[in-house]
Amino acid sequence: MIQMLTAFTTSFIYLIALFYSIQDIDAVFNTNVGYFPTAEIYRQATGSTTGAIGLIAVLFLATFPTLIGTLVTGGRMWWSLARDNATPFSSYFAQVHPTLNCPVRATVAMSALVTCIGCIYVGSTTAFQALISSFIVLSTLSYFGAILPHVLTGRRNIVPGPFYMGKNLGMVVNVVSLVYIIVTVIFFCFPFVMPATVQNMNYTSVITVGLMTLTALWWFVRGKTEYRGPHFSFEAAKHLTSVEAAKESGSPAIVPMEKSTATDTDEHGRVE
């Protein structure tokens, strides 16, 4: 929570300072620096191109280290999907390096994929802009896919955790979230300007539908028969909730688990 509040506060102050630095809004919209109007704002704020380059360099140095976390996280996500037989060549990418104890193959594959996506910018800025702008819709739809099953089942499969709104209030929040997601996804698929042309068209809807189609085809080709989703134990979740509640209340009592859970793992680290 402290990290979120700190990030919000510093970002809000940064945006206020950035907006107050704008002296010519038309120059920002019509800048020659493609898809990076912040460079023009920096130039107006410092009054020189050199100053703008220096601020951009600082921004680059602050952003570049995040690539390490992105590649590590993406590599482990790829590895977890390969472990569940959800990706092509899953047996190859599901291997963990015996010495480094990390999924080197999946991380390298993710790095290569990110590099290929970055090369799209060289060929077509329109295609690259459409690809990165579709992230908002795709990530939002992932939340939609996680919330909808709970609404359809009446939240019967939810194990109350430390922050629990209750069944009725939680259902209201879930339904409002689904409606909000539907509305925002529709708005994010609208064209940027009218009339829409090949150059200024918003291709987010095309990318979203195309990715969903490819995912559905892969499901019928392989996922339907070979995909093994992550295992979840309601008994273990309830036991963990009881342990956390006992710690918060200061009680030394720990509620025993109703059923024993297996701890054997396979060659990919999966709990059997």
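## Overall make-up

Of the 272 residues in the protein chain, 20% count as buried. Buried means under 20% relative accessible area, exposed means over 50%, and partly exposed lies in between (1.4 Å probe, protein chains only). This is a predicted model: local features need pLDDT of at least 70, side-chain atom pairs count only at pLDDT 80 or more, and totals for chains, interfaces and linings use all residues. Residues are numbered from 1 along each chain as its sequence is written, and side-chain values use heavy atoms, with hydrogens and water left out.

The protein chain has eleven helices and zero strands. Helices (H or I, at least four residues) and strands (E, at least two) are DSSP runs, numbered from the N terminus. Among contacts in the protein chain with a separation of 6 or more, 50% come from residues 24 or more positions apart. A contact means heavy atoms within 4.5 Å. The accessible surface of the protein chain is about 19,200 Å². Carbon and sulfur atoms own 70% of that surface. Accessible areas come from the Shrake-Rupley method with a 1.4 Å probe; for residues, only the protein chains shown count as cover.

Helix α9 covers residues 167–188. At 1.5 Å a residue, its 22 residues should span 32 Å, and the end C-alpha atoms are 31 Å apart, which agrees. The expected span is 1.5 Å times one less than the number of residues.

The buried residues of α9 are Gly170, Asn174, Leu178, Ile181, Thr184 and Val185. They cover an arc of only 140° around the axis, which puts them on the same side of α9. The arc is that of the directions from the helix axis to the C-beta atoms. These buried residues pack against α8 (125–152). On the other side of α9, Asn168, Val176, Tyr180 and Phe187 are exposed.

## A nonpolar surface patch

Val175, Val179, Ile182, Val183, Ile186, Phe187 and Phe190 form a nonpolar patch on the surface. Together they have about 620 Å² of accessible area. Patches are made of residues with over 30% relative accessible area and no salt bridge; like charges are joined within 9 Å, nonpolar side chains (Val, Leu, Ile, Met, Phe, Trp, Tyr) within 5 Å.

Ile182, one of the patch residues, lies in helix α9. Ile182 is partly exposed, at 44% relative accessible area.

Helix α5 runs over residues 66–83. Its 18 residues should span 26 Å at 1.5 Å a residue, and the end C-alpha atoms are 26 Å apart, which agrees. Gly74, Gly75, Trp78, Trp79, Ala82 and Arg83 are the buried residues of α5. Their cover includes α6 and α7 (104–123).

Asn85 follows α5. Asn85 sits in the loop between α5 and α6 (90–93). Its phi is near 60°, a positive value in a residue other than glycine. Asn85 is partly exposed, with a relative accessible area of 22%.

Arg155 is in the loop between α8 and α9. At 11% relative accessibility, Arg155 counts as buried.

## Salt bridges

The structure holds two salt bridges. A salt bridge is a side-chain nitrogen of Lys or Arg within 4 Å of a carboxyl oxygen of Asp or Glu. One joins Arg43 and Glu40, at 2.8 Å from N to O. Both residues lie in helix α3 (residues 38–46), three residues apart, about one turn of the helix. Arg43 is partly exposed, at 35% relative accessibility. Glu40 is buried, at 10% relative accessible area.

Asp84 forms a salt bridge with Arg83. Their closest N and O atoms are 3.7 Å apart. Asp84 and Arg83 are both buried.

## Leu211 on helix α10

Leu211 lies in helix α10 (residues 204–226). Leu211 is partly exposed, with a relative accessible area of 41%. Leu211 and Leu138 are 73 residues apart along the chain. Their C-alpha atoms are separated by 9.2 Å.
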